[in-house]
Amino acid sequence: MALFACVFPLLKSNADPSLPSCLLLSKKKGVNKYFGFKKLKTRRLHTRIKAVMFSGNPVIGDLIATALSGGIALSLLRLWEETAKRGVFDQKTNRKLVHISIGLVFMLCWPMFSSGHQGAILAALIPGLNVIKMLLLGLGIWKDDATVKSMSRFGDHRELLKGPLYYALAITCACAVYWRYSPISIGLICNLCAGDGIADIVGRRFGKQKLPYNKNKSFAGSVAMATAGFLASIGYLHYFSLFGYIEVSSKTILGFLFVSLAAALVESHPLSSELDDNLTVPLISVLVGSLVI
């Protein structure tokens with residue numbers, strides 16, 4: 001979060017309306033009587049946060065944001081590759097730390113991009129390039145043992161054609177299709193990254209009591225997944241509301257609860273193990289999110 005305190009420090013009142021891609025603040029008095037959260041309503045005000053552009057030109061600004069976001073993502077991947085190479089964590093834990101962190105950190109970078117389709121598409125290029133990388137590695141065209149070890153369960157490069165590929169595809173679609181104005185993108189990424197990642201770590205350590213319909217899954221893991229996905233969703237909802245992208249409401253928060261419960265239920269089903277939960281969790285998050293949010 002310190003990164004964004006440095007990138008977005010400037011509040012400008014009565015800013016020149018010609019400034020490109022500025023973000024609108026919003027405010028509303030009162031506290032939500034059900035959840036105790038202040039409710040934000042986006043509207044045009046004279047006060048703006050010059051949070052997006054690194055240049056007066058929107059294209060140049062978005063290209064700089066793409067380079068910076070891509071550099072952050074690549075640095076994080078290199079970090080986990082080093083921990084995998086040095087055996088800091090066991091392979092399963094290291095893989096899940098990659099799973100949890102990459103999508104969530106990438107989503108923190110979204111306010112650096114301009115509004116509209118241009119910002120969304122350029123941001124989506126970052127996980128989109130990772131889709132190509134997973135294909136090249138999984139097919140054996142490109143050799144990178146460190147990446148394979150950090151992202152696979154058993155060190156087989158062909159594993160990257162399933163879970164890691166679905167993971168990158170899901171984040172690319174969430175970014176390009178829903179972007180930062182939709183709760184669906186938040187619910188999808190938070191349940192895929194925080195929810196599914198925490199479920200595995202907690203389940204392996206504390207999951208002694210197994211589910212009656214799936215002996216490979218535990219009550220502890222499923223509860224951890226629903227809780228982590230829900231709390232992360234609320235956190236990012238408030239994060240994006242600070243920039244005026246989205247409104248905090250009891251309906252949205254309740255919708256996130258339903259999405260996280262549905263994602264945890266689907267992840268625990270034996271079918272998810274056969275298909276891959278990196279595919280089923282995003283699909284159910286979009287489906288339920290579209291219905292209830």
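E82 forms a salt bridge with R86 (a side-chain nitrogen of Lys or Arg within 4 Å of a carboxyl oxygen of Asp or Glu), the closest N and O atoms being 3.2 Å apart. The model is predicted, with local features requiring pLDDT of at least 70 and side-chain atom pairs counted only at pLDDT 80 or more, whereas totals for chains, interfaces and linings use all residues. Residues are numbered from 1 along each chain as its sequence is written, and side-chain values use heavy atoms, leaving out hydrogens and water.

Both E82 and R86 belong to helix α2 (residues 58–86), four residues apart, about one turn of the helix; helices here are DSSP runs of H or I with at least four residues, and strands are runs of E with at least two, numbered from the N terminus. E82 is partly exposed at 31% relative accessible area, while R86, at 65%, is exposed, where buried means under 20%, exposed over 50% and partly exposed in between (1.4 Å probe, protein chains only).

A salt bridge also joins D196 and K96, at 3.7 Å from N to O. This pair links distant parts of the chain, with D196 in helix α7 (residues 183–206) and K96 in helix α3 (residues 91–108), 100 residues apart. D196 is buried at 1% relative accessibility, and K96 is likewise buried at 4%.

In a further salt bridge, D156 pairs with R158, the closest N and O atoms lying 3.0 Å apart; D156 is partly exposed at 25%, whereas R158 is exposed at 54%. In total, the structure holds seven salt bridges.
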